[in-house]
Structure formats: structure tokens, C-alpha cells
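The paragraphs below go through one structure, from the whole chain to single residues. Keep the sequence and the coordinates in view while reading.

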Amino acid sequence: MEELEMQVSQIEQLIANGDFVGLEEFLNELNISEVEELIDELPEHGPLFIESLNLNRAVNVFRILDFPTQNRIFKRLSKAKISALINELPPDDRTSFFSEMKDDIKHLILLLPPKDRVEALALLGYPEDSVGRLMTPDYITVKAHWSIERILGHIRRYGKDSETIDVLYVIDSNGKLIDDIRIKDVLMAEPETIVGDLIDYRLISLNAYDPQEEAINIFRMNNRVALPVVDGQGVMLGIVTVDDILWVANEEYTEDMQRIGGTEALDEPYLDVSIKNLVKKRAGWLIVLFLGQLLTATVIEHFEEQMASAIMLFALMPVIISSGGNSGSQASTLIIQAMALGEVTLSDWWRVMRREIVSGLLLGLILGGLGFLRIMAWQSFAHTYGQYWVLVALVISLSLIGVVLWGSLMGSMLPFVMKRLGADPASSSAPFVSTLVDVTGLLIYFTVATLILKGVLL
């Protein structure tokens, strides 16, 4: 932090003195991550920093910025810098930038040479959240009959333009992917060794139309720096690298956390979202939850007359509501996370239900026992609940068992329902589950109270 403050001070001094040559030299000596931090600290000077950096470093800094920052800087760059950036950005980063832009991008695509223009349009032609939008066509392919010596010569000639040379891809004469080999295996082999002797046919690949979430899980399970992308016939189209997957995983995680909190996913960092859009994103779910709470009020009003003679039941109502909502939120969060990690699929719904019935029942028994002890303790010291305190304690205990069990079931099953309907399971967020359990929990509570206390306190 102290180093960043010193850098900010030096930058401000150079700008104040009009020493832009010194600024250029200073920025070109920093790591790209340090320049990115300076852009965060001095956002008004972001365009100046990109203009001052040499082209290669400007591209590397620009590609690690979030889109709102990219867009803000891009609009204030010179035409020459814009053209240079667009042409030098790697294909996958260029596709990502174009995808996010709301403005017409035709004039930007026209800045590219014909070959790159066709490439950009082809990548943009894939569905928005598909693997095709993440892939780059810059990779090294080899043939099965090539020798190690020939491969090394091929890498020296074309490796500079490749996204990565950690993995080489073996294709046949029709462009179909046969296998991939790691550069380590190539370097360790004798020069006369043939590629065919190195391949083991244990190939892991992605389809260009696969969802990006699926690609995240495949990378996570296979510990790869890059994976090949093929079409329906197995023809190789490109590769996806782990740095792009990490960006997507971070975006998916952020969106899920926002939805779990009961809001629509924000398209920009929180501080960059306008108040109008922030209210718009939050209002929808708040209205839904508010209407749900109105149902809670309706249930209370329905039982109000019956419960008037047992006012202590209303005093204990928050205990029942909060316990059911908490158990439902716990179950919902656990299942949503398990789905995101690929630990649970739609076909596992029955296994999950069985587990939640058992765990919900045990948790309900624990809380029910504590509820009974609480009534007994207050009765012993203050005689709060009168001669029928045992029946009141029984109502609380049985209600807690029922509500916690129901909350666990609802919280665990709602993500499956949302997934089955094609919606994001994270949309069955904790506040949503809590509101639903509030309504049904009160029905359970008042029904149990009516059955046990009818003719005694009611």
C-alpha cells in the first residue's frame, strides 16, 4: 500500500509538471498489474496511461481491466491508439470486449485486416455464454508423422503468435483433433521420435457450443492450462486458456452471490452502477419478497381470533419463523454451491431429498428440544405460561421440528426446480426461500397449536 501511494504521488507530480516523457518511462518500468492499480487509483488519468505505454504493454494492461473501465478509457483514446489496440488484442480478449460493447462495433471491426475481420465475426457468431466466445484460434498444431526435430522448428517459426505453447495439438489431414501433447514430453523426447509415439488418445476437449459453466468444471477437474475446442465433427476450431476461464469463473461467482442475496446480477462493479440501475436491479426481488410477506400477514390475520386467548403464542412466533427461514437458507446455499461445483446434478434430487429429510428432522429435534427447555426454564422462574405450559412447550417443539424439516426440504428442492425450468438455481436465493418458509411455517405453527390447545387455551 505504501509503495502504491508513492507511485501515485510520483505520477501526480510528473503530470503536474507536464513531464509526459518521464511519465512514459515511469509507466513502462512498472508491472502491468501495478499500472492496473494506478488506473483504479487515478481513473481520470486512465486514458493518458494507456496512451503513454508502448503498444505491447498497453494491450496487456487493457486486457486485464474490467469492461466498464475499458469502455471508459476506450472512448477517450486517440484514433491511432484505438486502431492499434484493436489490432493487437488477442482474438479471445477482442471478442470479449466486442461482446460487452453496447454501441455499434462495425466501425471497430472495419479497423481489422480482412483475415482478422472474418475471424472476429466468426467468434462473435457463437452464443453469448458459449465456449466459442472464449476461444482463440492462435495455437500450435502438429501431425502424427512429424518428428520432434520438425516440431521444434515449427514452434520456432509459429510459436510467437500462439496463445500458449505449453500444449501442442495433433490433427489429421482433415483438421480433426486426434490428441494433445505437452511441451514437456516433446522436450524430453529424442529428436528422431515421432509424434505418434507420444500420443495416448486420452483426449479432453470442449465443444464450441458448450456452456461456459461446463468448461469451468472441466478445467477444475482436469488441471489444464488450456483445452482444445472442436465442432460437432471433431474438427479443431481453437483453444480456451485457463486465464479466460478464471475471469468467467469470477464473474459467475459474483453473479451467484448477488442472486443468493436477493438481487439481479450487476453488470458492472458496484461503485460504477448508477443509482437508477441499482434500484432497478434490487426492486424486482424486493417487490416479490414484499408480496410474499403480505401472505404472512394474511395467515396471521386468519388465525388472530383463534389465538387471541393464547397471546404467548404470538410472542414465540419469531422463533418459529426465523428457525424455518434459517434452515431453508442453509440448505438452499449448500445445494446451489454444490450445483455450481458440479457435485450435484438434476438426477441427484432424490438422494438430496432423502439426506435433507434425515438432517432436517435431526436439526428440528435439536431446536425443538431447546425450545422445550426454554419454555420449561421460563415457567420455572417466572410462571410465564400458566398451568398448561407443557402443552405450550409441546406446540413449540413440534412446530420447530415441522418447520425446520419443511425449510430444509424447500431450500434444497427449489434449486432443482429452478434448474429444471431452465432458470439459474441461484435465483432461489436465501431471501426468497426464507419468505416462502415464513408463510408455510406459520401455517404449520398455528395448525399444530390449534390441534394441541383446542378446548384448553383456544
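What share of the 458 residues of the protein chain counts as buried? The share is 45%, where buried means under 20% relative accessible area, exposed means over 50% and partly exposed lies in between, with a 1.4 Å probe and protein chains only. This is a predicted model, in which local features need pLDDT of at least 70, side-chain atom pairs count only at pLDDT 80 or more, and totals for chains, interfaces and linings use all residues. Residues are numbered from 1 along each chain as its sequence is written, and side-chain values use heavy atoms, with hydrogens and water left out.

The pLDDT is the predictor's confidence in each residue, from 0 to 100. Its mean over the protein chain is 83, and 87% of the residues reach 70 or more. The lowest confidence in the chain falls in helix 15 (residues 275-307), with a mean of 68, and the highest in strand 4 (residues 206-207), at 92.

The protein chain holds 20 helices and 6 strands; these are DSSP runs numbered from the N terminus, helices being H or I of at least four residues and strands E of at least two. Taking contact to mean heavy atoms within 4.5 Å, 67% of the contacts between residues at least 6 apart in sequence join residues at least 24 apart.

One helix pair can be followed in detail. Two packed helices are described by the angle between their axes and the distance between the axes. Helix 3 (residues 32-41) and helix 5 (residues 55-62) pack at about 65°, and their axes are 9 Å apart. Here axes are lines fitted to C-alpha atoms, for helices over the stretch in contact, and angles run from 0 to 180 degrees between N-to-C directions. On one side of this pair, Ile32, Val35 and Ile39 of helix 3 meet Arg57, Asn60 and Val61 of helix 5. By class, the contact of helix 3 with helix 5 has 4 nonpolar, 1 polar and 1 charged residues; Ala, Val, Leu, Ile, Met, Phe, Trp, Tyr, Cys and Pro count as nonpolar, Asp, Glu, Lys and Arg as charged, and the others, Gly among them, as polar.

A nonpolar core is a set of buried Ala, Val, Leu, Ile, Met, Phe, Trp, Tyr and Cys residues joined through side-chain atoms within 4.5 Å. The largest one has 38 residues, and Ile11, Phe49, Ile50 and Phe98 have the most contacts inside it. Helix 1 (residues 2-16) gives the largest share of this core, 5 residues. Apart from neighbours within four places in sequence, Ile50 touches Ile39, Ala58, Val61, Phe62, Ile73, Leu77, Lys81 and Leu85. A second, separate core has 25 residues, including Ile320, Val403, Val437 and Leu453.

Helix 13 (residues 212-222) has Gln212, Ala215, Ile216, Asn217, Ile218 and Phe219 buried. Asn223 lies in the loop between helix 13 and strand 5 (226-230), and is exposed at 67% relative accessibility. Most residues other than glycine have a negative phi. Tyr201 also has a positive phi, near 65°. Tyr201 sits in the loop between helix 12 (183-188) and strand 4, and is exposed, with a relative accessible area of 59%.
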